[in-house]
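Dear colleague,

Please find below the structure that I am handing over to you. My notes on it follow directly after.

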Amino acid sequence: MRLDKFLSHQLGISRAIACREIRGSNVTVDGEVVKDSAFKLKPEHQVAYDGTPLAQQHGPRYFMLNKPQGYVCSTDDPDHPTILYFIDEPAAHKLHAAGRLDIDTTGLVLLTDDGQWSHRITSPRHHCSKTYRVTLESPVDEALVSVFADGIQLHNEKDLTKPAVLEILGPTDVRLTISEGRYHQVKRMFAAVGNHVEALHRERIGSIELDNNLGEGEYRPLTADEVASIGLPVT
């Protein structure tokens, strides 16, 4: 990769600004100042900008984050802090959430710079399941288990939701697994049966479960098996 393109990607700046920084003797390769913007980087080269090392990226990246409340899953938002605040990685701005959560919803978010991989999570064609822990305002009737399995008629929607698995854990505590990603779907499903979601926490996407060792705002890379599991049937 050309040095100016690498610097542009790493710092989130334009190629023109990257070239200016290179010409200004602010970039070193293996400890030596390089002023040639077209310099070809090799994988073994050690690059630094203004004395700060910049790691070269080789291949796509995959992370899981335990998202707290109050953060949005977009990469740039003028009104709210984004989940990238927690990601201490080179060129973090190139990562995106593979399946977003609302600002008040907590739990598992997967981040990647692999667009095809994230498409297998978000595309309705792949029916990637998501599991949520739900705290409700009112007690839940056992009869709702079969109602959710048959599909729910959402307000202003023509088709029923796809069959969902409802597990009742307590009077106002349930676990819900859905295979769609309609707008505010979980909240709207419970609203359709006369209840209100007070707290929502995503536990699983496909067969990838939120790591119990991750506190709120903490993240880790996905394992090779976790990455490979996306797009495969959940067993």
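Please bear in mind throughout that the model is predicted. Asp 50 lies in the loop between S3 and S4, and its phi is near 55°, a positive value in a residue other than glycine. Most residues other than glycine have a negative phi.

Ser 25 also has a positive phi, of about 65°, although it is not a glycine. This residue sits in the loop between H2 and S1, just after H2. With a relative accessible area of 32%, Ser 25 is partly exposed.

Strand S4 (residues 52-54) contains Leu 54. Leu 54 counts as buried, at 13% relative accessibility. Leaving aside residues up to four places away in sequence, Leu 54 touches Phe 6, Leu 7, Gln 10, Leu 11, Val 47, Ala 48 and Tyr 49. The C-alpha atom of Leu 54 is separated by 9.2 Å from that of Ala 91, which is 37 residues apart from it along the chain.

I turn next to the helices. In helix H2 (residues 15-23), the buried residues are Ala 18, Cys 19, Glu 21 and Ile 22. They cover an arc of only 160° around the axis and therefore lie on the same side of H2. An α-helix has 3.6 residues a turn, so residues three or four places apart point the same way. The buried residues of H2 pack against helix H1 (3-11), strand S1 (27-29) and strand S3 (47-49). On the face of H2 turned away from its buried side are the exposed residues Ala 16, Arg 20 and Arg 23.

Helix H3 (residues 115-122) has Trp 117, Ser 118 and Ile 121 as its buried residues. Seen down the axis of H3, these fall within an arc of 90°, so they line one face of the helix. At the start of H3, a side-chain oxygen of Asp 114 comes to within 3.2 Å of the backbone nitrogen of Gln 116.

In soluble globular proteins, nonpolar side chains tend to be buried together.

Not counting residues up to four places away in sequence, Val 134 touches Thr 172, Asp 173, Val 174, Leu 176, Val 186, Phe 190, Val 197, Ala 199 and Leu 200.

Finally, the cysteines. The count of disulfides comes to zero. The sulfur of Cys 128 is 15 Å from the closest cysteine sulfur, in Cys 73, which is too far for a bond. Cys 128 counts as buried, at 8% relative accessibility. Cys 19 is also buried, with a relative accessible area of 16%.

With kind regards

Notes. Residues numbered from 1 in each chain as written. Predicted model: local features only at pLDDT ≥ 70, side-chain atom pairs only at ≥ 80, totals over all residues. Heavy atoms only, no water. Contact = heavy atoms within 4.5 Å. Helix = DSSP H or I, 4+ residues; strand = E, 2+ residues; numbered from the N terminus. Buried < 20%, exposed > 50% of the residue type's maximum accessible area, 1.4 Å probe, protein only. Arc of directions from axis to C-beta. Disulfide = S-S within 2.5 Å. Polar contact = N/O pair within 3.5 Å; in protein donor to acceptor, adjacent residues only side chain to side chain.
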